[in-house]
Amino acid sequence: MTEHDDLPAAARTRRLEERLIAAGLASDDEIDEFLTKLYASASPVNGARMAARAWTDPRYRDLLLSDGNAAAAEAGFDGLSYQLRVVANSDQVHNVIVCTLCSCYPVSLLGPSPGWYKSFAYRSRTVREPRAVLAEFGLTLPDTVRIRVWDSTSEARYMVLPMRPAGTGALDADQLAALVTRNGLIGTAPV
C-alpha cells in the first residue's frame, strides 16, 4: 500500500498532475486545455450515433465490431489513446462493461463516467454477480441469456452495441441515436 491509497481520487489526480508539471512534461495550462477540449466534445451522443449507424449500415457494423478505432475515426472521433473494443448484444448474449481496477472508460464516446461506474460496489459486484447488479438497474434478463462482463483497462476500453429495438425500421439515424442511452452503451440498460 502506498502513502496515497487512502486519499480521495481528486487528491491523487492532483498529485499526478503536479508530478507531470515538475518533470516538465506538461503545464497546468496544458492540462486544463486538454481537459477542456475533451469534455467539450465528450458525450454519450457520440457513442449513440455510432450505434445507430451500425444498426443501419452493415459495413459500418462489421468495422465497428472488428476495429473500433477505425470505426470511431470514420465517425469523426479519431485519435483515441486506447484500443476501442465494441461488443454486440444479441438474443443470446448481453454484454456489460466494468473496470475492476479503477474506472477506465471511453469518455470521448460516452461522456464523463457516472458516479456508480467508479464505485467499488459496481466494480467488484459486476464481475461476481452481474445478473443481480443488472436487476438493480431495472434490467432483468431471461436465464437463457448469457451475460458477458468485459473489464476495461488503460490500454483497452469497451463499448456495448445494444440490440436495435423492435419496430424502429422507419426511423432515421438521428431518431435511432436518440433511443440509445449511455447506460445502454455500458450494458446496464437494453438500449
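The exercises cover cysteines, a helix and a nonpolar core.

The model is predicted, so local features need pLDDT of at least 70 and side-chain atom pairs count only at pLDDT 80 or more, while totals for chains, interfaces and linings use all residues. Residues are numbered from 1 along each chain as its sequence is written, and side-chain values use heavy atoms, with hydrogens and water left out.

**Exercise 1.** Count the disulfides.

Step 1. A disulfide is a pair of cysteine sulfur atoms within 2.5 Å.
Step 2. The cysteine sulfur closest to that of cysteine 102 belongs to cysteine 104, at 3.5 Å, which is too far for a bond. Cysteine 104 is therefore in no disulfide.
Step 3. The count is zero.
Step 4. Buried means under 20% relative accessible area, exposed over 50%, and partly exposed in between (1.4 Å probe, protein chains only). At 34%, cysteine 102 is partly exposed; cysteine 104, at 10%, is buried.

**Exercise 2.** List the buried residues of helix H8 and find what covers them.

Step 1. Helices (H or I, at least four residues) and strands (E, at least two) are DSSP runs, numbered from the N terminus.
Step 2. In H8 (residues 120-128), Tyr122, Arg123, Ser124 and Thr126 are buried.
Step 3. Their cover, judged by contact (heavy atoms within 4.5 Å), includes strands S2 (93-98) and S3 (146-151) and helices H7 (115-118), H9 (130-136) and H11 (182-186).

**Exercise 3.** Describe the largest nonpolar core.

Step 1. Such a core is a set of buried Ala, Val, Leu, Ile, Met, Phe, Trp, Tyr and Cys residues joined through side-chain atoms within 4.5 Å.
Step 2. The largest one has 45 residues, and Met50, Leu64 and Leu84 have the most contacts inside it. Helix H3 (residues 44-56) gives the most to this core, six residues.
Step 3. Beyond its neighbours within four places in sequence, leucine 64 contacts Met50, Ala54, Ala71, Val86 and Leu161.
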